[in-house]
Amino acid sequence: MGNYFAYYMTGFIMIPVFIFAVYCQIKVKNAFNRYSKVRNRRGMTGADAAYKLLMINGITDVRIKQIGGSLTDHYDPRTKEICLSQTVFNSTSVAAIGIACHEAGHACQHAQGYAPLKLRNAVIPATRIGSFLGVPLALIGMFLYSDVLIYAGIILYSAVALFQFITLPVEFNASRRALDTIEANGFLEGEEYKGAKKVLTAAALTYVAALASALATLLRLFLIANRRN
C-alpha cells in the first residue's frame, strides 16, 4: 500500500512540472512577440544573419530555406539545411536574428563534430520508440502484474529522458555560439543584443521543462516497478 501511495503522490510532482512547462511556453511566446516587433538597426534579416554566421565559421555546404509556421525553426543534419519559419527568414527583427543564429549554431556543431550533438542524433531512433511505447507498455504491465512489461517500458522510456538530458548542452551551446557571434561581429548591439539573449534564454527553459517532465514520468514508472516490494 505504501508504494501505491508513493506512486500516486508522485502524480502531484507532475502538477508543478506541467505549470513550469506552460510558464516556459508563455515566456517564449511573450519574448518572441515582444522582440519580433523590434527591428535591428542594420536591417539584417534572419536568413542574412544565419548566412553570415556560417561564412564566419567557414561553412559553405549548408542550405538556408524558408518553411511554414511560427517558431518551427530547426536545423536538419540529414540534409544540411537550416529551416527558418516565415516569421524569421525575411524578418529584420531582433528575435529573428537570435533564432536564426541559434539554428546556424547547430550547423556549426554538426560541421565541427560536436560530441553531444552526435550522441543526441544517435539516440533519436530509440527515443521515438520509447516515447511511443514506453509508458503504455509499463501501464499494461501494471494491470497484468507483469514485471517484464513494466521494466521493458522503463528501459524504453529511459531513452526519452536520456535524449532530453543530452539536449540541454546541445541547445545551450548553440545559443552561446549564436550570442558570441552576434556580439563579436556587431550583428546586434546594446538593447538589441539583450533582446536576442532574452529570446534564446526563454527558449532554453523549454528544454529544462522537457527534461523535468521526462524525469518525473520516469520516477513514476520506477515506483510502478517496485509496487510489490
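The model is predicted, so local features need pLDDT of at least 70, side-chain atom pairs count only at pLDDT 80 or more, and totals for chains, interfaces and linings use all residues. Residues are numbered from 1 along each chain as its sequence is written, and side-chain values use heavy atoms, with hydrogens and water left out.

Let's start with the rings. You'll find one aromatic pair here: F20 and Y23 are stacked, at 6.5 Å centre to centre and 25° between the planes. (Rings of Phe, Tyr and Trp, the last by its six-membered ring, pair if their centres lie within 6.5 Å; planes under 30 degrees apart are stacked, over 60 edge-to-face, and the rest tilted.) Why are F20 and Y23 about one helical turn apart? Because they are three residues apart in helix α2 (residues 11–35). Helices (H or I, at least four residues) and strands (E, at least two) are DSSP runs, numbered from the N terminus.

Here is how accessible the two are (buried is under 20% relative accessible area, exposed over 50%, partly exposed in between, with a 1.4 Å probe and protein chains only):

| Residue | Relative accessible area | Class |
|---|---|---|
| F20 | 28% | partly exposed |
| Y23 | 45% | partly exposed |

Now for helix α3 (residues 46–56): its buried residues are G46, A47, A49, A50, L53 and L54. They cover an arc of only 165° around the axis (taken from the directions from the helix axis to the C-beta atoms), which puts them on the same side of α3. Just after α3, G58 takes a positive phi of about 70°.

Elsewhere, the charged end of R177 sits over the ring of Y114, 5.6 Å from its centre (NZ of Lys or CZ of Arg must be within 6 Å of the ring centre and within 35 degrees of the ring normal).
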